[in-house]
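The sequence and structure are shown first.

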Amino acid sequence: QVQLVESGGGLVQAGGSLRLSCAASGRTFTTYGMGWFRQAPGKEREFVAAISWSGATTYYADSVKGRFTISRDNAKNTVYLQMNSLKPEDTAVYYCATAPHSSSRYASESASEYNYWGQGTQVTVSS
């Protein structure tokens, strides 16, 4: 069993920045990709960013490319999402998730590949 706890969300003005963190604990003995997803009110959950265990592979949604950066610190079992130039349309609950895989270069944009999810952290961007 793996537990994921997100933090760093909050209220920010458009153009501002936030850094989300997601700490994993429990049975994290295997390599795993990690991802960030978000869900706005009345909308479906969508992919934001993903990173492989090694950090060599990263994926971003087109809507966040150039503004968001995903990174990880395996020694701390933590993944980060640096969000810059935030827009009101970035307002959502942000979730992190793990995708166990034998390859250290594996990362995925598909929510179906992720088996453990955090409770989410709210990000609100005011105009």
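What percentage of the 127 residues of the protein chain count as buried? The share that counts as buried is 45%. The coordinates come from a predicted model.

## Overall architecture

The protein chain contains eleven strands and zero helices. Its pattern along the sequence is accordingly β-β-β-β-β-β-β-β-β-β-β.

Along the principal axes, the C-alpha atoms fill a box of roughly 45 × 25 × 25 Å. The radius of gyration of the protein chain is 14 Å, which agrees with the value near 14 Å for a compact globule of 127 residues.

## The four-stranded sheet

Four strands form an open sheet in the order β1-β3-β8-β7, and their pairing is antiparallel. The edges are taken by β1 (2–7) and β7 (68–73); each has a single partner strand, so one side of each lacks a neighbour in the sheet. On average, neighbouring strands of this sheet are turned by 15 degrees against each other, with direction ignored.

Within the sheet, β3 (residues 18–26) and β8 (residues 78–83) run antiparallel and are joined by six bridges. As part of this arrangement, A23 stands opposite T78 in β8.

## The loop between β5 and β6

Two residues described here, S52 and T57, belong to one loop. S52 is located between β5 (46–51) and β6 (58–60), and T57 is likewise found in the loop between β5 and β6.

Is S52 buried or exposed? S52 counts as buried because its relative accessibility is 0%, and buried means under 20%. The side chain of S52 reaches the backbone nitrogen of A56 at a distance of 3.3 Å. Beyond residues up to four places away in sequence, S52 touches Y32, G33, T57, R72, S104, R105, Y106 and A107. One of these residues, R72, falls within the edge strand β7 (68–73).

T57 has a relative accessible area of 13% and is therefore also buried under the 20% limit. With neighbours within four places in sequence left aside, the contacts of T57 are A50, I51, S52, R105 and A107.

Which loop holds N77? N77 is found between β7 and β8. Its phi angle is near 50 degrees, a positive value in a residue other than glycine.

S85 is another residue that is not a glycine and has a positive phi, in this case of about 50 degrees. S85 is placed in the loop between β8 and β9 (92–100). With a relative accessible area of 41%, S85 is partly exposed, because this value lies between the limits of 20% and 50%.

Key
Residues are numbered from 1 along each chain as its sequence is written. This is a predicted model: local features need pLDDT of at least 70, side-chain atom pairs count only at pLDDT 80 or more; totals for chains, interfaces and linings use all residues. Side-chain values use heavy atoms; hydrogens and water are left out. Buried means under 20% relative accessible area, exposed over 50%, partly exposed in between (1.4 Å probe, protein chains only). A polar contact is a pair of N or O atoms within 3.5 Å; within protein, one must be able to donate a hydrogen and the other to accept it, and residues adjacent in sequence count only if both atoms are side-chain atoms. Contact means heavy atoms within 4.5 Å. Two strands pair if DSSP finds at least two bridges between them. Axes are lines fitted to C-alpha atoms, for helices over the stretch in contact, and angles run from 0 to 180 degrees between N-to-C directions. The radius of gyration is taken over C-alpha atoms; the globule rule is 2.2 Å times the number of residues to the power 0.38.
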